[in-house]
Amino acid sequence: MVTTESPDSAMRLDKWLWVARFFKTRTLAAEAVAGGKVKLNGERVKAAKAIRPDDALNIRIGPYEYVVRVLALSARRGPASQAALLYEESESSQAARKALATRLAAERQHAIHTSGRPSKKERRQIIRFKKSRDE
């Protein structure tokens, strides 16, 4: 149910971020705003700042950054399909996120995977390696 009551309607920033499903709880949304992870029209703001349709938001979640424009406000949190109608993400933002995701996936493939503590054989190899470096 995507609704905007009137042209002058406004909503708290942390509540909108929660309703639009960028964060799982309002508390997480408020902490992100307080931590400077969310910027409204290029400025750092507080969680209680009122947002209106056509406002621009920069939202940083982990390594990803979303650049969105607010299209509508909603009184309640609905399914993800309705939440996606509340905002419009720029194409450059989508492309940057996809490029970063592929880069991180490629780096993950080349990372050394350890499964906890070394086995007895691996421990002996480590000891031999360290001794050979000291000599």
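This note goes through the fold, the sheet, the nonpolar core and the aromatic pairs of the structure above.

1. Basis. This is a predicted model, in which local features need pLDDT of at least 70 and side-chain atom pairs count only at pLDDT 80 or more, while totals for chains, interfaces and linings use all residues. Residues are numbered from 1 along each chain as its sequence is written, and side-chain values use heavy atoms, with hydrogens and water left out.

2. Overall form. The chain has a radius of gyration of 22 Å, whereas a compact globule of 135 residues would have one near 14 Å (taken over C-alpha atoms, the globule rule being 2.2 Å times the number of residues to the power 0.38). Along the principal axes, the C-alpha trace spans about 75 × 30 × 30 Å. Of the 135 residues, 24% count as buried (under 20% relative accessible area, with exposed meaning over 50% and partly exposed in between, for a 1.4 Å probe and protein chains only).

3. Elements. The chain has five helices and seven strands, and from the N terminus on they run β-α-α-β-β-β-β-β-α-β-α-α. These elements are DSSP runs numbered from the N terminus, with helices (H or I) of at least four residues and strands (E) of at least two. Among contacts between residues at least 6 apart in sequence, 50% join residues at least 24 apart, where contact means heavy atoms within 4.5 Å.

4. The sheet. Five strands form an open antiparallel sheet in the order S3-S2-S5-S6-S7, where two strands pair if DSSP finds at least two bridges between them. Strand S3 (43-44) and strand S7 (87-89) stand at the edges with a single partner strand each, so one side of each is left without a neighbour in the sheet.

5. Pairing inside the sheet. S2 and S3 are joined by two bridges, with Leu40 opposite Glu43 in S3, and S2 pairs with S5 over three bridges, where Val38 stands opposite Ile59. S5 and S6 pair in the antiparallel sense over six bridges, and Arg60 has Glu65 in S6 as its bridge partner. These two strands, S5 and S6, form a hairpin with two residues between them, and Gly62 in the turn has a positive phi of about 65 degrees.

6. Nonpolar core. The largest nonpolar core has 24 residues, and those with the most contacts inside it are Leu13, Trp16, Leu17, Phe22, Val38, Leu57 and Ile59. Such a core is a set of buried Ala, Val, Leu, Ile, Met, Phe, Trp, Tyr and Cys residues joined through side-chain atoms within 4.5 Å. Two or more residues each come from helix H1 (13-19), helix H2 (26-34), strand S2 (38-40), strand S5 (56-61) and strand S6 (64-70), and H1 gives the largest share, four residues. Leaving aside neighbours within four places in sequence, Leu13 is in contact with residues including Val33, Val38, Val45, Ile51 and Leu57.

7. Aromatic pairs. The structure holds four aromatic pairs, counted where ring centres of Phe, Tyr and Trp (its six-membered ring) lie within 6.5 Å, with planes under 30 degrees apart called stacked, over 60 edge-to-face and the rest tilted. One of them, Phe22 with Tyr66, is edge-to-face, at 5.5 Å centre to centre and 75 degrees between the planes. Phe22 lies in the loop between H1 and H2 and Tyr66 in strand S6, so the pair ties together parts that are 44 residues apart in sequence. Both Phe22 and Tyr66 are buried, and ring pairs link Trp16, Phe22, Tyr66 and Tyr87 into a cluster.
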